Amino acid sequence: MSSSAHRDTGHDHAAAGPGPDRLWSVQDHLDDVLATVRPLDPIELNLLDAQGCMLVDDITVPLSLPPFDNSSMDGYAVRVTDVAGASEEFPAVLEVVGDVAAGQTDPIAVGPGQAARIMTGAPLPRGAEAVVPVEWTDGGSGAGPVAGMRARSLAPEGAEGHVQVYRPAEERAHVRAKGSDVRSGDRALAAGTVLGPPQIGLLAAIGRGTVRVRPRPRVVVLSTGSELVQPDEQLAPGQIYDSNSFALTAAARDAGAIAYRVGAVADDAETLRATIEDQLVRADLMVTTGGVSVGAYDVVKEALAHVGDEDEPGGGVDFRKLAMQPGKPQGFGSVGPDHTPLLALPGNPVSSYVSFELFVRPAIRTLMGLPDVHRPTVTASLAADKALTSPKGRRQFLRGSHAGGSVTPVGGSGSHLVAALAQANALIVVPEDTESVEPGTEVEVVLLG
């Protein structure tokens with residue numbers, strides 16, 4: 001595990017106050033995190049494994065889409081002159097020379113007075129200039145307009161004999177032209193594109209089975225506390241269920257990471273250090289929750305603040321006090337031989353979740369190489385029965401329900417109120433220099449959904 005030597009992040013924090021008593025601003029702590037975290041190196045991934053990842057290179061189309069002229073309807077491929085003036089009273093009667101199905105490699109030719117029964121997606125036969133939908137014909141039955149084609153096994157005669165066409169067709173009617181989607185040499189996707197289902201579909205359509213992307217980071221979430229019990233287990237007096245590791249693992253996945261949850265570690269520094277070392281092999285980012293305050297059993301601080309290893313200079317975890325509520329105690333640094341970033345979050349459920357949104361989520365998005373790493377923010381009118389109060393000198397983040405142009409506080413300011421957090425879709429931001437916010441005031445809102 002790495003040493004606790006100071007890391008050079010390129011920031012001069014001396015002006016804000018020296019030593020461990022410094023009170024960090026939210027922005028300074030976030031800047032320190034994002035200055036240290038670097039995007040992961042690109043790798044080649046199979047298409048489905050690349051979902052949610054960012055493209056590193058432009059993707060050029062190697063072949064046109066569609067790669068050949070094909071039918072957009074089930075019907076008959078015809079020459080325009082052969083159906084000119086056709087009507088139900090005076091239908092054009094054409095010889096059917098065969099079927100053209102999707103995937104057919106050697107399509108037949110259509111000559112004067114002829115038609116070929118054609119299926120959607122099938123290549124347009126040589127000589128044909130348009131497709132008339134089957135609903136414009138008698139389907140080869142001789143019994144007037146039909147609603148659709150019968151299966152070939154039930155009506156093999158449909159591919160031979162004659163068909164009556166009741167309406168004319170313009171040239172290229174119901175024909176998808178070669179290259180009408182994209183042409184060979186076009187740029188299909190630009191570098192920086194995040195791959196969702198439509199983009200993955202396009203890559204598959206142009207024949208790309210793999211693609212070079214910045215991978216989704218692997219995030220290990222670890223909660224601490226001897227009082228924590230896993231869900232579905234029996235609680236003993238003084239115990240609570242471990243909810244933080246579940247919430248933060250889900251949040252990491254929501255941010256785009258591949259996240260692994262580690263069961264709660266008891267309040268023992270050696271056990272915690274050993275657990276972290278074991279997990280480093282599968283971590284691009286470590287997240288702990290709990291044990292970062294000033295109590296006698298704050299195990300994360302005990303385990304990581306004074307780790308000495310002269311073989312790994314430049315690492316270590318700094319434990320800080322931030323001018324925010326909730327989430328005043330925070331830890332950030334790096335551990336292990338690869339200097340894996342570690343963010344140590346408070347243990348109270350609301351504190352840990354707010355801290356995740358403010359600091360961990362942007363770190364994950366930075367590892368992915370994404371240009372926009374933050375949640376969207378808007379302004380909204382405060383809908384409340386009374387003024388909100390906030391401690392001077394702290395940036396407060398209150399849970400809220402945002403709808404339209406207004407936001408309503410949800411629950412109180414207690415950092416343990418996890419039920420209220422489940423009803424919130426936003427964070428109401430109260431600046432450091434504001435001690436009271438009256439109803440109707442325009443406030444900054446961080447959207448969580």
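This report describes helix packing, strand pairing, backbone geometry and ring contacts in a predicted model.

## Basis of the description

Because the model is predicted, local features need pLDDT of at least 70 and side-chain atom pairs count only at pLDDT 80 or more, whereas totals for chains, interfaces and linings use all residues. Residues are numbered from 1 along each chain as its sequence is written, and side-chain values use heavy atoms, with hydrogens and water left out.

Helices (H or I, at least four residues) and strands (E, at least two) are DSSP runs, numbered from the N terminus.

## Helices packed against α7

Helix α1, residues 26-36, packs with helix α7, residues 349-367, at an angle of about 25 degrees, and their axes are 10 Å apart. Here the axes are lines fitted to C-alpha atoms, for helices over the stretch in contact, and angles run from 0 to 180 degrees between N-to-C directions. The two helices, α1 and α7, are therefore roughly parallel to each other, a term for angles under 35 degrees, while those over 145 count as roughly antiparallel, 65 to 115 as roughly perpendicular and the rest as oblique. In contact (heavy atoms within 4.5 Å), V26, H29, L30, V33 and L34 of α1 meet L358, F359, P362, A363 and T366 of α7.

Helix α4, residues 244-255, also packs with α7: the axes come within 10 Å and cross at roughly 25 degrees. That angle makes α4 roughly parallel to α7, and the crossing of α4 and α7 is right-handed. On the α4 side the residues in contact are N244, L248, A251, A252, D254 and A255, which meet P349, S352, Y353, F356, R361, I364 and R365 in α7.

## Two open sheets

An open sheet of three strands has the order β2-β13-β3, with antiparallel pairing; two strands pair if DSSP finds at least two bridges between them. Its edge strands are β2 (43-46) and β3 (54-55), each of which pairs on one side only. Strand β2 is joined by four bridges to β13 (residues 210-214), and these two run antiparallel; within the sheet, N46 stands opposite T210 in β13.

Five strands form another open sheet, in the order β9-β6-β8-β7-β10, and its pairing is mixed. The edges are β9 (130-133) and β10, each pairing on one side only, and neighbouring strands of this sheet are turned against each other by 40 degrees on average, direction ignored. Strand β7 (residues 92-100) and β10 run antiparallel and are joined by four bridges, with L94 standing opposite V163 in β10.

## Backbone geometry in loops

The peptide bond from L65 to P66 is cis, with omega near -10 degrees, and P66 lies in the loop between β4 (59-60) and β5 (70-71). A cis peptide bond also runs from Q325 to P326, with omega near -5 degrees; P326 is placed in the loop between β20 (324-325) and β21 (329-335).

R172, a residue other than glycine, has a positive phi near 70 degrees. The loop that holds R172 lies between β10 (162-165) and β11 (175-176).

## Charges and rings

The charged end of R22 sits over the ring of W24, 3.7 Å from its centre, where the criterion asks that NZ of Lys or CZ of Arg be within 6 Å of the ring centre and within 35 degrees of the ring normal. The charged end of R261 sits over the ring of F246, 4.0 Å from the centre of that ring.

Conventions. Left-handed = near helix turned anticlockwise from the far one by under 90°.
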